[in-house]
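This report describes selected local features of one protein chain. Please consult the sequence and structure shown below while reading.

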Amino acid sequence: MADSESEQQSRTRGTAFGRMWQWLSWEASAIGRSARRAIASPGPERDVVTQSLKAAGAAAAAWALTGWWWQAPMALMAPWTAVVLVQSTVYRSLRSGVQQLIVIALGTVLAAGAANLTGNTMTAMLLVLPVTVLLGNYTRFGEHGLYAPTTALFVLAYGSHSGLDVLHRLFESAIGAVIGIAVNALILPPVHLRSVRESLRRLPAESAELLHTIADGLREGYGRQQAEAWHDRARRVTAILGDLRDARLWTRESYRLNPGSRLRRTGPALPPTEWDQAWERIADPLVALTRNLASTVSETPTLRPLPDPVLAHLSDLLRAAGDVCAADRAVLEGRGASARKERAIALESAWAAHGRLKRQLLKQDSETATSLGGLVAESQQLLYELAPVDGDVRAHGDGGSGQNRG
């Protein structure tokens, strides 16, 4: 019995170690891929590296001025402030600078006042820390609220609470803020157009890859795990839409108070936000369609599995729909003329396959027809949302002519 328990514990430890090793391997691979992308081409990864180097440079410059050249007694405050203020946008740097200086001033003044009033560091901490932690949680201060209690701790722990010490601390914080903001504004000021373009490309690319994968799986035979994986990937498309909305907000903010925005090469104009709304409408039937497929092969199926001839027609439909999404990406990448032609052919093939699929409804029993009816309805909705109309920003962002639905 003891040997059995020991073996069970050993297997459990082995499984836990295997999962930990798998997680570490995955993390290492993800870091390696990000590093290669940062080296290979411009993109979000390279932007992160640039901002990190700018923050480090701002901190070094602040220390060189206050610690090395001026030899200020509280020189740490300057690089500490500078490194935080190299933010994702120039506007955010300015706003964060004001927030941080207010928070540091409050923490410094409250700590110095309590120390001078009580004459005892422990008592001053008991009085000041609850107040500064509460101030730090004030939403107007955002993530910089933490600097209120930490600044108070610095003041009390180092005994630097005379009037001159307080002035030094505030002055050095202001120097760090000026250096951090100046570095962010004058050295490659960030503009987040690339994040928007990356999300814009990912939407049709992920959708096309998913639709092609489902089409292949329907032909080759699929099971519960495959269908659930398709559904998870469809839901990730909606997550990309969230990333796109965030990226557009960052882009608008990046142009505020940005002295270098007009000097940066921005490339062709971005599609308007109507493009995003169109893809929101595409994502909904895609999620519903994969959910229906998963329901036919779950452990306790709520829908009857579909016969092979029906799956073949659905496979043709989804492959053609995937080709439409791939053409949308080609339009975004500037291959408008050829992509529009490929798109029209693919869309026509998708509607033809949908017609064949709909005719299969008449040949099925009531239970199978119920399963098929949901897929027919969702695939029709998907095609209607994919179908271009005059002025459709997905297919005609470069000024091409439209084509009516159906």
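Thr81 is buried, with a relative accessibility of 0%; buried denotes under 20% relative accessible area, exposed over 50%, and partly exposed the range in between, for a 1.4 Å probe and protein chains only. The residue Thr81 belongs to helix H3 (residues 77–84), where helices are DSSP runs of H or I with at least four residues, numbered from the N terminus.

The side chain of Thr81 lies 2.8 Å from the backbone oxygen of Met77. Apart from neighbours within four places in sequence, Thr81 contacts Gln100, Ile104, Ser173, Gly176 and Ala177, a contact being heavy atoms within 4.5 Å.

## Basis of the model

The model is predicted; local features require pLDDT of at least 70 and side-chain atom pairs pLDDT 80 or more, whereas totals for chains, interfaces and linings use all residues. Residues are numbered from 1 along each chain as its sequence is written, and side-chain values use heavy atoms, without hydrogens and water.

## Ala105

Ala105 is part of helix H4 (residues 90–118) and is partly exposed, at a relative accessible area of 23%. Its C-alpha atom is 9.7 Å from that of Tyr147, although Ala105 and Tyr147 are 42 residues apart along the chain.

## The largest nonpolar core

The largest nonpolar core contains 51 residues, of which Leu203, Leu218, Tyr222, Trp230, Leu293 and Leu318 touch the most other members. Such a core is a set of buried Ala, Val, Leu, Ile, Met, Phe, Trp, Tyr and Cys residues joined through side-chain atoms within 4.5 Å. Leaving out residues up to four places away in sequence, Tyr222 touches Gly217, Ala227, Trp230, Leu293, Thr296, Val297 and Leu311.

Methods
Helices (H or I, at least four residues) and strands (E, at least two) are DSSP runs, numbered from the N terminus. A polar contact is a pair of N or O atoms within 3.5 Å; within protein, one must be able to donate a hydrogen and the other to accept it, and residues adjacent in sequence count only if both atoms are side-chain atoms.
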